[in-house]
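Please open the structure in your viewer and keep the sequence panel beside it. The stops below are meant to be selected in order.

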Amino acid sequence: MLDIEKNVRNLQVTGINCNIWLKIIPSRKKAFLFHVRTGHCRLNAHMFRKLKLTPSPTCPCGLEDQTPEHVLMTCPQLKPIRDKVWPASVPLRTKLYGSRQDLEATTSFVSQTKLMV
Ligand SMILES: [Zn+2]
């Protein structure tokens with residue numbers, strides 16, 4: 001079993017069947033979603049606080065730290081892409097732990113932002 005799959009199986013996510021999730025999402029997207037879910041990703045907040053590899057945790061928009069939640073929910077610079085992917089409001093939990101369709105939308109969104117996650 002890959003480490004990433006082992007880690008995902010160990011996630012304590014109430015109401016989510018990780019075994020089904022593991023079977024239907026390709027490996028690359030699984031790794032990507034795992035990074036976004038845990039916050040251990042290449043966004044500025046993690047790169048600054050944990051790895052000291054960026055000069056600031058702040059998003060290029062300047063409003064908040066660049067976290068997965070900020071990117072997925074509120075960053076004004078990404079609003080056009082967010083509105084295209086999710087024309088109606090979608091909760092963060094759904095974007096991170098929803099159905100296969102929800103997770104495909106999340107991976108599509110981040111891919112379109114061209115952010116390294
Ligand atoms: Zn921002």
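This is a predicted model: local features need pLDDT of at least 70, side-chain atom pairs count only at pLDDT 80 or more; totals for chains, interfaces and linings use all residues.

Residues are numbered from 1 along each chain as its sequence is written.

**The whole chain.** Colour by secondary structure, and the protein shows eight helices and zero strands, where helices (H or I, at least four residues) and strands (E, at least two) are DSSP runs numbered from the N terminus. Of its 117 residues, 20% count as buried; a residue is buried if 20 or more other C-beta atoms lie within 10 Å of its own, exposed if 12 or fewer, and partly exposed in between, with C-beta atoms placed from the backbone.

**Helix α8.** Select residues 100-113, the 14 residues of α8, which reach 20 Å from first C-alpha to last, close to the 20 Å expected at 1.5 Å a residue (the expected span is 1.5 Å times one less than the number of residues). Within α8, show Leu 103, Thr 106 and Val 110, which are buried. Looking down the axis of α8, you will find that its buried residues fall within an arc of 55°, so they line one face of the helix; the arc is that of the directions from the helix axis to the C-beta atoms. On the face turned away from that buried side, select the exposed residues Arg 100 and Gln 101. Just after α8, Lys 114 takes a positive phi of about 65°.

**The neighbours of α8.** The axes of α3 and α8 come within 11 Å and cross at roughly 80°, axes being lines fitted to C-alpha atoms, for helices over the stretch in contact, with angles from 0 to 180 degrees between N-to-C directions. That makes α3 roughly perpendicular to α8, a label for angles of 65 to 115 degrees. To see the contact (C-beta atoms, placed from the backbone, within 7 Å), select Lys 29, Phe 32 and Leu 33 of α3 with Leu 103, Thr 106 and Thr 107 of α8.

**The core.** Finally, select the largest nonpolar core, 11 residues in all, including Leu 33, Cys 59 and Leu 103; such a core is a set of buried Ala, Val, Leu, Ile, Met, Phe, Trp, Tyr and Cys residues joined through C-beta atoms within 7 Å. The elements that give two or more residues to this core are α3 and α5 (68-74).

How values were computed. Angles under 35 degrees count as roughly parallel, over 145 as roughly antiparallel, 65 to 115 as roughly perpendicular and the rest as oblique. Two residues are in contact if their C-beta atoms, placed from the backbone, lie within 7 Å.
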